Amino acid sequence: MIEKTKGVDRAANIVLATGMIFILFPLVITLVTATQSYEDFVRNGFSFMPGTHFLDNISIVIETTHLPRQILNSIIMATMMATIKCVIAFLTAYAIVYFRIRYGGIIFAMVLVTNLMPLELRFITTYQVASNVMLPVNAFLEFTGIARIIELISGHHPHYKLSILNTYFGLAAPLLANGTGTFLFRQYFRSLPADLSKAAKMDGAGPIRFLWDILMPLSKSNFAALFLIMFLGGWTQYLWPLVAASTPEMQTAVVGLARLSPGIPGEVPQYPAIMAGAVMVSVIPLLMIAFMQRHIVRGLTLTEK
Amino acid sequence: MNNSQFHRRWLPLLLSLPQLLLIILFFYIPIYMAFFWSFTLERPFGGGSQFVGMQNYLRVLTDTEFWMAAERTLLFMVTASSLAVILPLFLAVAADRKVRLAMPARNILVWPKGIAGASLGVVFLFIFNPFLGILAPLNDLFPGIWQPGIDGKDAFVMLVAAQVWSGIPFNFVILLAGLQSVPASMHHSAAMDGASAWRRIRDIQIPMIMPQLFLVFVLEFTESVTGAFGIIDAMTEGGPGGATTLLVYKIYVDGFKGYDLSGASTQSTILMILVISLAAFQFFYLEKKVRYER
């Protein structure tokens, strides 16, 4: 456009600068404080002057806390979540879109409803299920009377118990019980030309062959977007990892960071070390966001949170 | 699409089985159980249960602490989610223009997506520490003006600030995507009719992204009810004096610290009903007022 919009553009720059300062401020403070020594911090208090003790603070964290192990836990859990999510969402969407089945609508509705209620609304009972995932099996045996039959035959009442608490699978699985991703792939498959599968069928390709050789390569960028969003989502989870992991060795990095105690009451807290811990916990997801911007933005617009 | 679909009886069910098992086990069964438990007295550590009818609801609904938590949840919902939508709206409108800061802003404003609410809580707790943080000089001048550890209002403000910070990326990205899909021809014709850039923002851009604004509002409402947990636990643990105990935090404390499983389930059920009816209200009532014309 040829018109002049200087006033608006200046205002836009001011708004954006303010927004970036709001976002960057806590991050910069964290980084700067993480470089100061505890002695300087006690003497000077809050200061914007970077120090030279970043590595010292990091080594304090590594030596005195469980954070290194917990960061590894976060990597494992987030990778697991992202991988499983990509697979199950892709397969479900494939089943709904590419097969002529009467129950396709039911499956889709069942999956879609899950987005209404996040885990935070049902974690009390989800915890009970996770503490014994055989619960439905027991209930089924009781309900159908099979339990009685087994008791008559074998002499003892069947009650199976399998806890997934304090395992990586237990950290990840309940967080995967939602429709994120299924909707994404469904929309994508429906946007592809119908001739694609028609041609594949004419060439004699079965459903598995079509999925593997045609659909998967086509969906690469969708996989990338979903994987990154799920990884970041897993990394930043808090409530579920807090209750599902009972030992510090199994807790995730974010939970561990929030549990770092500010030290002895009455003394100035070891804030430089705590901030160094915050840097360690946040550096992996932040680097991912800064360098894989395109996929993340795509993922954010395609998935609903 | 008939010819383009495959005909198999069991394969599609097999393919969707992993997903179905997960949502049945960790979504439908827990929700059913929460509902069921809200009518029983559940003893911790598997000590059996007893049907008690509406007693749990009576107990919860006559508890003043429940109503205080509900009120705070509502207040938090309204303040945090309006700010978490309005600020990104300003930022998105600004970033939609071809200005120098638009490119770096589009990158940096997404960064909070990688920071957990609880991590931010740890950092905010330090920054807003009344004696060591950035407001310490202010406290030296006017003692007692900022004390989030004692004054519930200060703690609440801190919570809202942290929630808004965390909510910026998603809302910004969605609103910006909406703005960018406004056809350039609309801008051009409005400009030719003499509409200034300000006028076009108000009369073209904002009305055109109403669907996106609606979407982020709906999602932000739920998010403010549930997502604040990490921030609360890391920053205030519900204090001081319960001033930041939102319902989601109260449920956690009652269930996991007080072993009151029936009470926690009852409150979960009430919160679920609240969230669902809000979503239903927004979809069936408000959505009619949102125009999707393109």
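Mentor: Two residues are in contact if their C-beta atoms, placed from the backbone, lie within 7 Å. The model is predicted, so local features need pLDDT of at least 70 and side-chain atom pairs count only at pLDDT 80 or more, while totals for chains, interfaces and linings use all residues. Residues are numbered from 1 along each chain as its sequence is written, and chains are lettered from A and ligands numbered from 1 in the order in which they are written.

Trainee: Which residues does B:Leu91 touch, not counting residues up to four places away in sequence?

Mentor: From chain B, the partners are B:Ala105, B:Leu109 and B:Phe172. From chain A, they are A:Val15, A:Leu16 and A:Gly19.

Trainee: How is helix 1 of chain A oriented to helix 5 of chain B?

Mentor: Helix 1 of chain A and helix 5 (residues 117-127) of chain B pack with axes 10 Å apart, at an angle of about 80°. Axes are lines fitted to C-alpha atoms over the stretch in contact, and angles run from 0 to 180 degrees between N-to-C directions. Angles of 65 to 115 degrees count as roughly perpendicular. Therefore the two helices are roughly perpendicular.

Trainee: Which residues of helix 5 of chain B meet helix 1 of chain A?

Mentor: Helix 1 of chain A contributes A:Pro26, A:Ile29 and A:Thr30. Their partners in helix 5 of chain B are B:Leu120, B:Val123, B:Phe124 and B:Ile127.

How values were computed: Helix = DSSP H or I, 4+ residues; strand = E, 2+ residues; numbered from the N terminus. Parallel < 35°, antiparallel > 145°, perpendicular 65-115°, else oblique.
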